[in-house]
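Subject: Structure for your review

Dear colleague,

Please find the structure below, together with its sequence. My notes on it follow.

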Amino acid sequence: MGVDKKRYLSQLEEDGLKQVVPADFPGKIIPGGNGGNIVVTTLDSVINWGRANSLWSLYFGTSCCAIEMMQTGAARHDYSRFGFEVARASARQADLIIIAGTIVNKMGPVLRRLYDQMAEPKYVIAMGACAISGGPFYYNSYSVIKGADHVIPVDVYVPGCPPRPEALLEGMIMLQQKIKTENMAKKVNPIDGFDEGK
Amino acid sequence: MTNEDLQNIVTGLGTDLEFTTEGSEFLNVTVPKEQLHSICSQLKSHPELKFDYAFCITGMDWVPALGVIYHLESTELKHQIVVKVMTEDRENPTLDSVHDIWQTADFHELEIFDFFGIKFNNHPKLRRIFLTPEWEGFPLRKDYVDEANMIIK
């Protein structure tokens, strides 16, 4: 990973730095850098492997993209092959929302509530033009939210109207690749600061 | 029954009825709003008409008039008719409810109230169903303005 990092106490001492330990510290200090990082990164990759290959999506089809999402799950395309094993009707049991359709103003608070109900880590795919930007048909309307990312943070955008199952699979595999690069120590929750416009 | 036969029967049900076909397959009849309820109940009960099925009820904004279009069918005699009614009052448009004649009109009238603001006399519970209860204005009217969400072309 980082090439020029100072990992060991001995390297610190070369630069004249010393680990400061209070005199009255009661315990024993085991210096870091003695292989601990290797354990953490290995754990990361094991956990990410597990998460990426067992993404349970929420049933969330608000319009015609849902038909294409069902097709992606059905026998010919079969997203179970890639670990999207089942779809769940409860947000409590889901890791992933595939927003398949238009989000209207009345649906916005519901979508946000469902997202908040999901256990972390949670991921979002915006499928199709409506979920990305309000859509080619309804964008100029009093009732439509111009993109689901006004409501919840989105990880992967899959354009199309609707996208073909291959496109959705590509987006899902991109999400898996994103999950596989995650790092427990540096992980940020995408909802943090979202409402403040981050 | 042909449109001409329908017209001959329906003419006798009220006064000041206007008939057109507008090049469509259905006979159109425009009725004065005061006679709407009596004509509709006769359309259903008349033994040669028997319009027992309102398969579509639509709100319309013919600027400046607001109105409702009823598509009726007789499931027994297999003929259809279109009834139109309109009101010039945009501030407080009011028509008679036909939910006691065709029950399906209940929810259709709720929808028309929601989007066009037409009130229906004798409707059991007129309220917003698609929009939120605190919504202001009636979005399907031609003069509706929403500067935040809509690009006016």
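Which residues are exposed on the other side of α3(A)? They are Ile67(A) and Met70(A), where exposed means over 50% relative accessible area, buried under 20% and partly exposed in between, with a 1.4 Å probe and protein chains only. Before the details, please note that this is a predicted model, in which local features need pLDDT of at least 70, side-chain atom pairs count only at pLDDT 80 or more, and totals for chains, interfaces and linings use all residues. Residues are numbered from 1 along each chain as its sequence is written, chains are lettered from A and ligands numbered from 1 in the order in which they are written, and side-chain values use heavy atoms, with hydrogens and water left out.

Chain A

Chain A has 198 residues, of which 36% count as buried. Its secondary structure consists of six helices and five strands, arranged along the sequence as α-α-β-α-β-β-α-β-α-β-α. Helices (H or I, at least four residues) and strands (E, at least two) are DSSP runs, numbered from the N terminus. Among contacts in chain A with a separation of 6 or more, 79% join residues 24 or more positions apart; a contact means heavy atoms within 4.5 Å.

The five strands form an open sheet with parallel pairing, in the order β2-β1-β3-β4-β5 (chain A). Two strands pair if DSSP finds at least two bridges between them. At the edges stand β2 (87-88) and β5 (156-158) of chain A, each with a single partner strand, so one side of each has no neighbour in the sheet. Strands β1 (residues 57-58) and β3 (residues 96-100) of chain A are joined by two bridges in the parallel sense, and Leu58(A) stands opposite Ile97(A) in β3(A).

Helix α3 (residues 65-73) of chain A packs on this sheet, touching β3 and β4 (123-127) of chain A, with its direction at about 130° to that of β3(A). Such angles run from 0 to 180 degrees between N-to-C directions, the axes being lines fitted to C-alpha atoms, for helices over the stretch in contact. The buried residues of α3(A) are Cys65(A), Ala66(A), Glu68(A), Met69(A) and Thr72(A). Seen down the helix axis, they fall within an arc of 160° and so line one face of α3(A); the arc is that of the directions from the helix axis to the C-beta atoms. These buried residues pack against β3, β4, α5 (128-133) and α6 of chain A. Helix α6 (residues 165-180) of chain A itself lies across β3, β4 and β5 of chain A, at about 155° to β4(A).

Chain B

Chain B also has an open sheet of five strands, here with mixed pairing and the order β1-β2-β5-β4-β3 (chain B). Its edges are β1 (18-20) and β3 (53-62) of chain B, each with a single partner strand, so one side of each is left without a neighbour in the sheet. Strands β4 (residues 65-73) and β5 (residues 80-87) of chain B run antiparallel and are joined by eight bridges; Glu73(B) has Gln80(B) in β5(B) as its bridge partner. Helix α2 (residues 36-45) of chain B packs on the sheet, touching β2 (27-31), β4 and β5 of chain B, and its direction makes about 170° with that of β5(B). Helix α3 (residues 105-116) of chain B lies across β3 and β4 of chain B, at about 10° to β3(B).

With kind regards
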